[in-house]
Amino acid sequence: MAAASSAPCRLAASPSPSRLFLLKPPSLFFRASTLLLPSTSSSRARPLALASPTSVQSPMASFLDRKAQAQPHPLLHFVKYHGLGNDFIMVDNRDSPLPLITPDQAVKLCHRNFGIGADGVIFVMPGTNGTDYTMRIFNSDGSEPEMCGNGVRCFARFVADLENHQGKHSFTIHTGAGLIVPEIQEDGQVKVDMGQPILAGPEVPTKIPGTQNVAVVKAGLEVDGLTWNVTCVSMGNPHCITFGTADSQGLEVDKIKLAEIGPKFEHHELFPARTNTEFVQILSRSHLKMRVWERGAGATLACGTGACATVVAAVLEGHAERRCIVDLPGGPLEIEWREEDNHIYMTGPAESVFYGSILL
Ligand SMILES: N[C@@H](CCC[C@H](N)C(=O)O)C(=O)O
């Protein structure tokens, strides 16, 4: 795609920020022609370029070589990735330890009607304390979580694209949850050493009293007039996992009214940092089905840290073995909580969808 910065975008007459989208589906590259539109709303994305397919092949990396444009019209280049439908705006932030956009800008870019649309924005930043890279992420509500499992697989594929790595490849990432090590497999899937789960209630954090020493396992939690059995696990970020209410046989997750019940868990007073919540159906001792309400993002099609926390909870409650397939609305993840090192390993896909540029 050749036109992102060569196409003149004259916005001096615009009274408020405008947006430029140049879209690329996976197999086609586009040449953009400019269309100048006055901007009328600061919260709405205004398309300033129309794209038409050409036969010109151009590597994504050369597009990404363009650095974010400085004043007077800051231009952000991005690539949209997803891991099982959990989607992210990926930003090449390797030149700076500060995110190129603010949380408020992330909220606008993530908006599914007035922005690019995503569950979050992820920044590939210089390493910290000897790691190869640092990952930071803003949720679609602008809050900053410590970790993101699907995001880290997208991060790995994005870095491979940026650095032109082929085949099997591994590197180290500093995150708010500590050191994370993804490995791109020969088949393109990404296997991630997600580290050890944290089980001590106050560290999750939750104010629910411990049921197995300090761990909160199958504890009763009152939500919406029902007592839910919950297990609380941190994967760097907090998770509350439920397999059902105290007087039910088990969940049929397709019947859960996620948008109604999810926020009541997320904002429950016993979760001081809010929480992600996983509703889980046991299909067998190695096969679980899960729907998630994410802190700061709502219902998403998949949650990698949530799938890891779910397997830990299933093992602690005696429902499953340490190696499980977790079915999410966007597809399956393979999770193993290894006994030898207490680490959790997550394997799944990550794909690029399109790339473009946007005026901030
Ligand atoms: N979707 C992510 C988790 C993203 C962060 C989460 N919303 C939080 O605030 O903790 C994943 O795949 O793990």
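**Briefing**

The shell around the ligand takes residues from both domain 1 (29-189 + 351-359) and domain 2 (201-342), so it lies between them; these bounds come from an automatic or database domain assignment. The model is predicted: local features need pLDDT of at least 70 and side-chain atom pairs pLDDT 80 or more, while totals for chains, interfaces and linings use all residues. Residues are numbered from 1 along each chain as its sequence is written.

**Ligand shell**
- Pro145, Asn150, Asn237, Gly304 and Thr305 come nearest among the 18 residues around the ligand (C-beta atom, placed from the backbone, within 6 Å of it).
- Four of the shell residues are nonpolar, twelve polar and two charged; here Ala, Val, Leu, Ile, Met, Phe, Trp, Tyr, Cys and Pro count as nonpolar, Asp, Glu, Lys and Arg as charged, and the others, Gly among them, as polar.
- At least two shell residues come from each of helix H3 (149-163) and H5 (helices are DSSP runs of H or I, at least four residues, numbered from the N terminus).

**Helix H3**
- Eleven of the 15 residues of H3 are buried, so this helix is largely enclosed by the rest of the structure (buried: 20 or more other C-beta atoms within 10 Å of a residue's own, all placed from the backbone).
- Among the buried residues of H3 are Asn150, Arg153 and Phe158.

**Nonpolar core**
- The largest nonpolar core has 88 residues, and Met90, Val121, Ile122, Ala307, Cys308 and Val311 have the most contacts inside it (a core joins buried Ala, Val, Leu, Ile, Met, Phe, Trp, Tyr and Cys residues through C-beta atoms within 7 Å).
- Helix H5 (residues 304-316) gives the most to this core, with eight residues.

Technical notes:
A residue is buried if 20 or more other C-beta atoms lie within 10 Å of its own, exposed if 12 or fewer, and partly exposed in between; C-beta atoms are placed from the backbone.
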